[in-house]
Amino acid sequence: MAPFSPRPLLALALVVALAGCSAGSPRGDGSSTASPAATLPAPGPVVLTSSRPADVVPAPIHLSPADAHVETSRGAPRYALQWPTLAQAPALTKALASRAGAWRDEFLTGAGGKRPAAPELHVRWEPVVHAGSLHGVRLVSRPSTSGAATRETTVYGDGDASWSSEDLVAEKSRQSLLKAVSQAVAHESHENGAESLTPSRALSDVSFTSTGDMVVNLSHGLTGPAPRSGLSARISDPQRYLSARGRQVRAAMTRPVDAAPTTPVPRPAHTTDCTRAKCIALTFDDGPGPFTSAILDALEKAKARASFFMIGSAITTDPGIVRRMAAAGMGVGNHTWSHPQVTALTPDQVTGEITRQSSAVAAATGHEPFAVRPPYGAFTRSTPHAGLPFVLWDVDTEDWKNLDPTRTTQRALSGAHPGAIVLMHDIHPSTAKALPGIIAALQKQGYTLVTVDELLPGMDPSGSYYSAG
Ligand SMILES: [Zn+2]
């Protein structure tokens with residue numbers, strides 16, 4: 001490490017000054033008397049308490065269920081690993097398999113030969129960038145025990161090359177970046193020295209906003225007295241830190257966010273009379289995701305309808321698929337903005353979570369969602385409804401847990417009854433694989449597959465509904 005010179009000291013002083021400002025801090029304007037404008041350091045990192053700023057908007061990836069890899073344990077200890085097979089980025093696919101496999105092995109053997117720290121391990125993925133053959137994918141490892149550490153890493157690839165988040169930062173700039181981030185964290189937490197960055201992990205999840213700011217997810221890069229989940233550093237004008245790969249990824253992620261369409265999507269009116277027809281309502285939570293289009297294909301092919309309870313932040317990634325749902329007459333529902341357990345929030349926070357998602361749906365389709373499904377089905381009598389009924393379920397396929405088309409199908413069909421609301425998730429390839437068979441079997445039994453709206457017309461906005469029979 002180079003010895004201190006006056007310039008790094010000035011940089012650190014600026015980091016402290018700017019860390020308390022908003023992310024939109026003005027650039028140095030040359031008015032400083034201490035240094036000529038040409039040598040003024042760029043603004044330092046700003047520490048955020050959300051690991052995903054609103055303007056980190058990846059391009060959607062649409063996959064067929066066959067393009068997904070799922071690996072589940074049979075018996076205890078249970079684990080479920082998922083990652084995509086990306087035809088244009090084979091090296092990335094391989095790197096993802098190796099990361100997920102390493103987390104599985106670590107989980108199974110436990111650190112230092114101890115028992116697994118958590119009874120179950122779930123590794124899922126989400127797209128970070130997709131531009132031509134360049135892909136970035138974030139792997140998220142989430143043990144089922146609350147309090148156990150979630151781990152996130154983003155890996156990039158293009159054709160036969162793949163590289164880590166750390167590779168986005170030029171080797172010679174890593175120490176200075178970490179020092180600046182570390183200083184900003186210390187300032188933010190008002191506990192100088194209480195926490196320190198662990199370099200190997202601090203750069204494991206690096207991405208860019210649509211305006212080109214660098215975002216370093218610090219959830220697991222910090223050691224300190226308190227859990228620091230959801231903490232990130234945002235660096236304006238990060239060019240001076242970037243490697244050639246970093247500049248390539250930044251260019252791919254810097255793009256205008258799609259403007260909201262102004263014309264409302266025409267919605268076909270379906271008026272199945274479920275007092276006469278044998279109706280059932282399939283519902284899909286947590287999307288939209290890479291398999292939502294395959295699920296819509298299966299529904300449309302069978303002239304069946306279903307309802308989708310979507311996460312607002314995921315809608316901004318793929319507003320086009322939400323328009324497609326609305327145009328196909330599917331139920332478009334609200335699953336909050338960021339999927340929190342709403343019983344842990346204040347009434348104002350709950351209302352904000354619901355209305356922010358509704359705005360995203362309205363921006364995409366021109367229509368408000370028809371109902372809310374509280375995440376985890378958790379709510380109390382005092383949970384605000386924000387003007388929308390709560391729709392729960394009475395048949396749980398446990399598709400998120402079994403990740404197995406056969407078991408998902410068995411649970412859906414054994415639970416089916418006229419008036420049932422069936423819970424599934426459109427983010428799992430196993431669910432997309434199971435769906436055509438489930439639809440065919442239900443239709444063969446005489447069911448009409450309808451939206452929750454058709455099943456329960458005239459729901460009370462302050463009511464909570466589990467089924468219609
Ligand atoms: Zn959910």
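**Exercises on helix and strand packing**

In helix H8 (residues 319-327), Pro319, Ile321, Val322, Met325 and Ala326 are buried (20 or more other C-beta atoms within 10 Å of a residue's own, with C-beta atoms placed from the backbone). The model is predicted: local features need pLDDT of at least 70, side-chain atom pairs count only at pLDDT 80 or more, and totals for chains, interfaces and linings use all residues. Residues are numbered from 1 along each chain as its sequence is written.

**Exercise 1.** Determine how the buried residues of H8 are arranged around the axis, and what covers them.

*Solution.* Step 2: their cover includes H6, strand S14 (307-310), helix H7 (312-317), strand S15 (331-334) and helix H9 (347-365). Step 3: after H8 comes Gly329, with a positive phi near 80°.

**Exercise 2.** Classify the packing of H6 with H12.

*Solution.* Step 1: the axes of helix H6 (residues 292-301) and helix H12 (residues 429-444) are 9 Å apart, at an angle of about 10°. Step 2: the two helices are therefore roughly parallel (angles under 35 degrees). Step 3: Ala294, Ile295 and Ala298 of H6 meet Ala432, Leu435, Pro436 and Ile439 of H12 (C-beta atoms within 7 Å). Step 4: this contact comprises seven nonpolar, no polar and no charged residues.

Key:
Axes fitted to C-alpha atoms, helices over the stretch in contact; angles between N-to-C directions. Helix = DSSP H or I, 4+ residues; strand = E, 2+ residues; numbered from the N terminus. Parallel < 35°, antiparallel > 145°, perpendicular 65-115°, else oblique. Contact = placed C-beta atoms within 7 Å. Nonpolar A, V, L, I, M, F, W, Y, C, P; charged D, E, K, R; others polar. Buried ≥ 20, exposed ≤ 12 C-beta atoms within 10 Å, placed from the backbone. Arc of directions from axis to C-beta.
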